[in-house]
Number of protein chains: 4
Amino acid sequence: MSFSGILRPGHVQIRVLDMQAALRHYVDVLGLLRVQRGDDGRVYLKAWDEHDHHSVILREADTSGMDFTGFKVRDEADLDRLADGIRAFGLDVEEAHDERPATGRRLVFTCPTGHRIELYAHKAQIGNGLGNVNPEVKPDNLKGMRPTRFDHCLLYGDDIDANARLFTEVLGFDLSERVVASDGKTVIATFFSCSNKPHDIAFIRCPDKDRFHHASFNLESWHDIGNAADVIARHNVAMDIGPTRHGITRGYTIYFFDPSGNRNEVFAGGYQYYPDHPVIEWTEDALGKAIFYYDRQINERFLTVTT
Amino acid sequence: MSFSGILRPGHVQIRVLDMQAALRHYVDVLGLLRVQRGDDGRVYLKAWDEHDHHSVILREADTSGMDFTGFKVRDEADLDRLADGIRAFGLDVEEAHDERPATGRRLVFTCPTGHRIELYAHKAQIGNGLGNVNPEVKPDNLKGMRPTRFDHCLLYGDDIDANARLFTEVLGFDLSERVVASDGKTVIATFFSCSNKPHDIAFIRCPDKDRFHHASFNLESWHDIGNAADVIARHNVAMDIGPTRHGITRGYTIYFFDPSGNRNEVFAGGYQYYPDHPVIEWTEDALGKAIFYYDRQINERFLTVTT
Amino acid sequence: MSFSGILRPGHVQIRVLDMQAALRHYVDVLGLLRVQRGDDGRVYLKAWDEHDHHSVILREADTSGMDFTGFKVRDEADLDRLADGIRAFGLDVEEAHDERPATGRRLVFTCPTGHRIELYAHKAQIGNGLGNVNPEVKPDNLKGMRPTRFDHCLLYGDDIDANARLFTEVLGFDLSERVVASDGKTVIATFFSCSNKPHDIAFIRCPDKDRFHHASFNLESWHDIGNAADVIARHNVAMDIGPTRHGITRGYTIYFFDPSGNRNEVFAGGYQYYPDHPVIEWTEDALGKAIFYYDRQINERFLTVTT
Amino acid sequence: MSFSGILRPGHVQIRVLDMQAALRHYVDVLGLLRVQRGDDGRVYLKAWDEHDHHSVILREADTSGMDFTGFKVRDEADLDRLADGIRAFGLDVEEAHDERPATGRRLVFTCPTGHRIELYAHKAQIGNGLGNVNPEVKPDNLKGMRPTRFDHCLLYGDDIDANARLFTEVLGFDLSERVVASDGKTVIATFFSCSNKPHDIAFIRCPDKDRFHHASFNLESWHDIGNAADVIARHNVAMDIGPTRHGITRGYTIYFFDPSGNRNEVFAGGYQYYPDHPVIEWTEDALGKAIFYYDRQINERFLTVTT
């Protein structure tokens, strides 16, 4: 409950095995807008209601998974303060020097669970297509699932306890919900908010470092979740589970896979979070209800398949 | 875009001419939960998904209108800092000494448009009825329109320019949208956010001080807006306008009146706001579309009837 | 409550002042599919979930209005029986000989309110685009308001009492609802069903013959009504009223105008009707609630503007 | 496509192991209204928007399952005609003489799959609680899942081919959809409509006679399906599958179990059916998509658990 200057999840770079198949998925089926192709072949995408230049970067590679996720920070001074804090926490922070269109200074560090995190204060604003004077409420003829925004990542890793200290004590996030193992001590899952959303990033404990569970995209309502399910079925997208609802966050959800096996989520709803809310605690025996409120059991795939 | 510690609109005190009629309206029709009746006859209500003790206070009086609205602040230190800032801005700030159940230290000031504003850092948390361990997603058998939270107030007053300076420079709000008159200079309406909501308070220019336009309550979706309209019709509540949609905020809305003539709103949706978003500007000739996107014209009542 | 063989409203021919403007409206905004242009310039359209060749025929003319509406009948024998009945009722029935693509034998008569009605048993089925083997649930990338079907016409005319006898005693419709004037005798409005829909055609009393109030198109839900309102506003379509709900039929509705001034409706919901249901009766003093349940008053335009 | 006088599924009698548990389920959770308890302990229930006295009869017994389902017929003459036809088809038809409140003459027969079917032309109309003059659109404070109507039964049995002949040639139903085995000949499942609904009764082939798969209740929309899922989870009702969508009928659905193990469905949407529509055919390899469009696979439980 201390403001660090971090505003929101700003982007995620996802490795895909075949760029053309990936674009069919992320553009035609998920419904992101293609913004730009970089000289190195990376493709930059955004959801329609984002003002910034991109929120998803696709990189063709031999393995699937997430390269990094980035958070937008209020200003350059916040960046410096955050860098100091992260270093004081004991992690290296470097300035990224690889080319990235439309993006200002980027600070990069690897958090205790092995995930690469970027912080940046500037990204070119290309607008949401409606203009800033007398705008309409939405663009015409959106495609696919019509996501409004990149919402968050859920990541699997080993030392989620150290991650929790980093995110709450240094990065200014608040712990909104957590799952505690049946031993009453081990924390299995942690959900962090830097906003009024019930989560902006989440970590689940697993033996390995740097595992990617899913990137999530916001839809407007349960109705749009239904439309997304229609789109998934019609396009023979590999479904994981849904439409269903989370006990954690109360969000409506569907999980599915991109052609490279990376999990995507579309998410709608969820309560309005404030940092003075009590932390919601889930016990391991209620894990099914916590994750999938309607089925009250989790499929093994959800717990074990990551990229 | 500077964090002041203000977390959210926390409460509004509304004057009603007949308490019994008001309770039938706010409890049975709107669907707030009755928490407590004070020794002085004031009744304290909350929406189901609020954790704090109350968000609406009804006071029986000879005239309708709003006594004050209050904002929850992160901690006592923020309160002191805010008090210093408001005084430096040139306004008196007093500590309230009247009795108020469940509420800590309250600082009170009158903003340039003549509205009384409270700031407080503590209010007893009585929970949202679901508990904090393995909670369900909603309570059973909610009544009426099933609002989740008190959302915001919209207030009419004279010096909204000074208000804008106070709210952005001292209180840490961001201007999300505004309406500019056909002279290209005079600002007619201002919408301020202290969160990821498109507005947490709004002011519209009028010749008088301290006018109350409406208090708004959050619903989950356009579907719940439809249900609210059913409830309004079934109970012969005085309808103002709706169901419709705002151009400003993009929220779905219905306006209606309590038995004392105070205007209420139920509101759902609206975009996710971030403080680095461009300010959205509306021109006076597009005022109809700005306020009521579907009709693209405003009823005279909306502009002139306040309490 | 006697089965005559009439299955459903099958088509409506609408006069438009400018075909290009009309097509922009009916195809790009309303979202009908263009099927064919006849040699005489008439354009044939259908809604996506109709199997038959067309349900809307646009004819360019100097005046707007409806030329006729047609009902699909089970088979040719029903056609003959219906012709006998209509003649026995005292009306002329002719076989139409003008060219009409994809349509079989058509019997034409003018009902007592002066409207031209067609009956036919055959129209080429071109399918709903999903195929009849292992179909998907909906096509991709529907446009505009995404109507599923032409639903019904509401017509204004003088002798709605004779119409009521014709539709119930000869054509096999059932009276589902009606509005009775304050004299307790004069019937102002009548709603007839030949299906499980609350109405398949309706007549409202007025001094003139052969007036066209609106053609209505079915949407799936209140959510799609909201989307339709967005589309109407975004395309600056002339709005009549809505989104709102009818007391009569309980359907969700928006009324708006095509560029020639013909009124359209999009309609969703409404109860499931069966012919043994009691007739629902509305009194004239409740006319507002009957027509527009939320506002509980009718705009003058709704009562007086027809084409 | 020949009208026999059958109007709709009118009731189903379900055997339950414990009446008190059953009533908690059917009244408090599903949300049916309790109408009457018979002298023999049977309890009569209805959904709110049905006008007739009851649509569900619960009978306490040692085994779960369905005793019979009944169809409302237009008039007594239709009853006699139908009895003649059924006898001509080779089945016995008897007049029921056990006591049944509010119900007129009942003809009973056992169809080729071993299910007991009732036909009746009279049942006392007690109304939908809204009255027939200037009615509101829905009652206040409906409970649970708020079903509007009993919708249909799906039954498992052996000779579904003979059933198909009976239902189409004698009872006047139309075959809307069917599933054909991979041999290209054996029909696995048949869906019949006597209305504009995509099905009013359905049969699936299995080795045994007289198996009960589920009774289905109509909800208004996908949104209400979501609410039903919340109710199911909150009350720890045994979930079968959902929320999901059928390829067959396109309806939105959840399956769950009453405390005796009888399967219930809540169903919303589905296309508007007309008897001149082509029969939709599903191949066995698409059975998953046919039954559960989103998962595109069926759980074993769905195919094998009946009562």
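In this tour a strand is a DSSP run of E with at least two residues, and strands are numbered from the N terminus. The model on your screen is predicted, and every stop below should be read with that in mind.

With that term in hand, select C:P243, which lies in strand β14 of chain C, the run covering residues 238-245. Look at the peptide bond that links this proline to C:G242, because you will find that the bond is cis, with omega about 0 degrees. Then move to chain D and select D:P243, which is placed in strand β14 (residues 238-245) of that chain; here too a cis peptide bond is found, joining D:G242 and D:P243 with omega about 0 degrees.

Go back to chain C and select C:N236, in the loop between α4 (222-234) and β14. This residue is not a glycine, yet its phi is positive, at about 50 degrees. Is C:N236 buried or exposed? Its relative accessible area is 58%, and because exposed means over 50%, C:N236 counts as exposed.

For a second residue with positive phi, select A:T249, whose phi is near 75 degrees although it is a residue other than glycine. A:T249 sits in the loop between β14 (238-245) and β15 (251-257) of chain A. With a relative accessible area of 1%, A:T249 is buried, because the cut-off for that word is under 20%.

Stay in chain A and select residues 211-218, which form strand β13, where seven of the eight residues are buried.

The last stop is the place where chain C meets chain A, a contact made by 18 residues from chain C and 17 residues from chain A. Between them the two chains bury about 1400 Å², and 37% of that area is on carbon and sulfur atoms. Four salt bridges are found across this interface; to see one of them, select C:D230 and A:K138, whose side chains meet at 2.9 Å, N to O. Eleven residue pairs are in polar contact between chain C and chain A, and the side of chain C that touches chain A has nine charged, five polar and four nonpolar residues.

Key: Residues numbered from 1 in each chain as written. Chains lettered and ligands numbered in written order. Predicted model: local features only at pLDDT ≥ 70, side-chain atom pairs only at ≥ 80, totals over all residues. Heavy atoms only, no water. Buried < 20%, exposed > 50% of the residue type's maximum accessible area, 1.4 Å probe, protein only. Helix = DSSP H or I, 4+ residues; strand = E, 2+ residues; numbered from the N terminus. Contact = heavy atoms within 4.5 Å. Buried area = accessible area lost by both parts, 1.4 Å probe. Polar contact = N/O pair within 3.5 Å; in protein donor to acceptor, adjacent residues only side chain to side chain. Nonpolar A, V, L, I, M, F, W, Y, C, P; charged D, E, K, R; others polar.
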